[in-house]
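Q: I would like to learn how to read helices, strands and record annotations in a model. Where do we begin?

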Amino acid sequence: MNHYVPPMQRALMLPTLKVLMLVQWVVVLPFLRYLPVWLGGVLALVMVWRWRVMHGDMRPAPLWLKVVSVSVGVAGLFASGLTSYTLDSAVALCLLGYLLKSLEVLRRRDAIFQIYLGFFLTGVYLLYHYSPLGALTAIAMLLANTLALHAVTADRSFEWRRGLKYSLGLLGSAIPIMVIGFLFFPRLPPLWTIPNDQRGAKTGMTDELTPGNVANLARDNSPAFRVRFDGERPPRSQWYWRGSTLGAFDGQSWRAFYNEQNRRQWPRGRLPEPTGVGDRYDYTVIIEASQQHWLYFLDWPTSVQADNARILPDGRAARQESLNQAYRYRASSSTRVDWSGENALDWYRALPNSGNDRLRAWARQRYDAVGGDETAFVDAVLDTIRSEPFFYTLQPPLYQGNNSISDFWFGDRRGFCSHYASALGFMARAVGIPSRLVGGYLGGVYNPNGDFVQVRQMEAHVWVELWLNDRWVRVDPTAAVAPNRVELNLDDWLGEENPSELPMGSRVRRGLSMFNQAGLWWDSMQYQWQVLVLNYQDDSAMGLVESHLGRINPWQAAGFMAAFLVVLGVIMAWLTGLLRLPRRLPEPWASLRRLEKRLGEREPGETVRHYTRRKAQEYPDQAEALMSVTTLIENMAYNQDQHSKKSTETRLRHLVQPIKKT
Amino acid sequence: MGLRRTFHRRVEAWIARRLPVSDSVTLNQSRIFILPSRQGMVLLLVAFVVLLLAINFESSLNYALGFWLVAMIWAAVHFTYRNLSGLTLKADRASLVQAGEAAEYHLKLDSDVDRYRGPLELIHDDWGLVTAVMDGEETDVSLSRETDRRGRHPLPRFRLESRYPFGLVVAWSHVELDLSAWAYPEPIDQDAHHQAGSDAGDATDDHFIHSGSEDFHALREYQAGDAMHRIHWPSFARDQLMVKAFVDYQAADEWLDWANYPSLMGEQRLAALSWQINQCLADDRPFGLRLPDREIPPGKGPAHTEQCRRALAEFGER
């Protein structure tokens, strides 16, 4: 006697096991480049085991194998440096579990577990990738797991074609509710935080400047942020996007006063914002996830509208949470601002007691030579850069130690923006002028398709701000060594001056204008994606609805929701063949039916001719019309003459039209 | 415990009222029950966790994924419901078996639309699980079930279930069809001395009772339709068209009679009669059956045997 085995306990069939193995690959592949190499070994082990199971060895893995593989796996995780409680290590652990779980996938329950973990991992994947391509990958993962779910349920009757049809059908018909949920579900603030600093690397300018990191950015042409101006764009030479202000110098590197480490001590409350006195620009910025706190502004910011953002006294704005999603904010800038709030100038004069002594002496000497005039001193330094053989290059020699700036200035004289800015900032302090470095971006590509300016990582730039005549003045020493760099983007500039330093990708792209066009189009699409999807706020849909229908209370909202579900359910029922709409009667039966409605029913078994004859007696003045209708109906019913069908039908309708009870 | 049993009985009674017995059942919205399966509930949990990801990491696309998973369960309801909707189960036939053997019930699954319905599961404690894959408009299912005693064995109310295509929801119905299998008594050899009133001398007298095909009996005149091979060719030579007539011989008084076993109780008598039938079959003898309320004239052949056995099975049950 066969006993009932609950579905979850049933053993898996061979076709199902094949699908599960394939789906496991589909889920793991997108993560592959983030995984430590040794996890590949685990993958191989799992594949071998699956192979055995598929070829008839339906035994659970022995205990020792499980224990060994789990402990080796966890030890490997530690060895790879994923020790702290962060998202990355959680994901790695999750993937390890996902792979090892298949050592014991024999029954339906195990398979379901694997598939649901796959759904979850799809969500995890979306934390790292939110571009349109990432979304497509996630959809592929979702589809694969749905297919596996079908294969598990269909058991031995599984077929690829039917499975795909069902899975696509299920995902497709779920889209409307998904969209509604996405549009109307309130966006809640995070419930708790998992440190996720390693989610992707930090990108963009950091709050510490060591000469190497800007050069690395110069090889990266991924976008940093995109800006859309409300009105006119400022002139190209003014596209200085400031991010972090680096005011503390320790002899080797520049740091921000307010940084990640002392986040708790940042000033609180509403801080005075500089008042703009020059031309004003309003714009919207969408910044890519940088894992940092800094928001970017056109020089100089006057106001910012962003959640949890604050303006720090050193002329920048920061967000409390790090930016782990593309983030949108509005801001205004002015070409000139009033800095009357500045009161910490002494901070900006501080220098270590020793180091770079030769440069100090040289600066003092120049300062004395111009008679202590600060502006003249700066001009003299810039003149030196212009006239002496200084070179702008992305591959400078390494300047190290306490005399690195001095070595640069008197030695090789080859460097890029951060070297020149660092040197100028140092010299200004050496003669008592308050100075600070500003890390940000210079330039950007205007995209006419989407009407926005795209700023890429390679536009990273460092310049100097000096306190001259009671205000901060931007001085860019790079303009002295490479005047065109201010007007041109880095890749264009390098393309003209020194193509061999260009990153490979842009070298190819510059050669083909078609690529450029496609690139612009793709950028503009990503911009739309960010505006519409990534940065979607739940109040937009609600706002749209309320602007048409007035204020909506929760009851009405629930009512709308229910009505929507009912309509959707009916459509769904019709699509799945549960509900069949009544068909229209074909002619001549439709006309006959109309006639019967007006004149009275036909009796059972009565022919059309008998019926019309009877009615003709009842309503003698309709007799003639009735007779011609009868002839037509009989002709149509018994002569299957196809070619004049349409016109005959029209004639019949015309004939029936005027007949009524008299 | 008592409360639970009362509740159970109430539910049973409600189902019985709601789903009355007939020999054909068409499943529609008043008969199909549908709920998310446990697997579906767990998926809901997964969707919730994905939404947590969305909230905690401000990951916009995870909101979409979370709701997509929830909506999948909703959509799966339609997919699964349509597996059962419009399905007609018809009682076809049920077998006659010896008590203690497994009876077979044959059902026809019928549908007005040509739709793939995936594996349908017919579940009952007595047979465990029978799966029918319905691809097209008609399919046959046979259910087998042990019989424990003589008599009528109605097809019990069973559960028809479908989780196809994703297992996220389970649609089911309780089906009760008016279809019964019959079990004739298990043959038991009762001692001969229990027999009384049987006339041994008469038993071996053979006489033919009706025309048949076994033994040559006489010649008769040809009638249109007689088979060619029965023509008596020597007579044809004398210009007479004669055919050979045959008869079947049958024991005249091979009556298996209820009254033959006065010392036995009812069921035992039936068991004895059943044994007698087997004896007659083994010896290839014709027999008749006489029960208090029924009499089957002597005869032989599978149809006759079945008729007699069925009479034993039905005795006292109609």
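A: Begin with the terms: helices (H or I, at least four residues) and strands (E, at least two) are DSSP runs, numbered from the N terminus. The expected span of a helix is 1.5 Å times one less than its number of residues. This is a predicted model, where local features need pLDDT of at least 70, side-chain atom pairs count only at pLDDT 80 or more, and totals for chains, interfaces and linings use all residues. Residues are numbered from 1 along each chain as its sequence is written, while chains are lettered from A and ligands numbered from 1 in the order in which they are written.

Q: What span should helix H5 of chain B have, at 1.5 Å a residue?

A: Helix H5 (residues 266-283) of chain B has 18 residues and should span 26 Å; its end C-alpha atoms are 26 Å apart, so the two agree. Just after H5(B), B:Asp284 has a positive phi of about 60°.

Q: Which residues in H5(B) are buried?

A: A residue is buried if 20 or more other C-beta atoms lie within 10 Å of its own, exposed if 12 or fewer, and partly exposed in between, with C-beta atoms placed from the backbone. In H5(B) the buried residues include B:Leu270, B:Leu273, B:Ser274 and B:Ile277. An α-helix has 3.6 residues a turn, so residues three or four places apart point the same way. Among the elements covering the buried residues of H5(B) are strand E14 (287-291) and helix H6 (302-314) of chain B.

Q: How many residues of strand E20 of chain A are buried?

A: In strand E20 (residues 460-468) of chain A, 7 of the 9 residues are buried, so the strand is largely enclosed by the rest of the structure.

Q: Which strands pair with E20(A)?

A: Two strands pair if DSSP finds at least two bridges between them. Strand E17 (residues 435-442) of chain A pairs with E20(A) in the antiparallel sense over 7 bridges, and A:Arg436 stands opposite A:Glu465. E20(A) also pairs with strand E21 (residues 471-475) of chain A, antiparallel over 5 bridges. There, A:Leu466 has A:Val473 in E21(A) as its bridge partner. The hairpin of E20(A) and E21(A) has 2 residues between the strands, and A:Asn469 takes a positive phi near 50°.

Q: Where does UniProt place "transmembrane region" in chain B?

A: UniProt positions are given in the numbering used here, feature names are shortened, and annotations may be inferred rather than shown by experiment. The unreviewed UniProt entry places this feature at residues 40-57 and 63-81 of chain B. In the model, residues 40-57 of chain B are 94% helix and 0% strand, and residues 63-81 of chain B are 100% helix and 0% strand.

Definitions and conventions. Contact = placed C-beta atoms within 7 Å.
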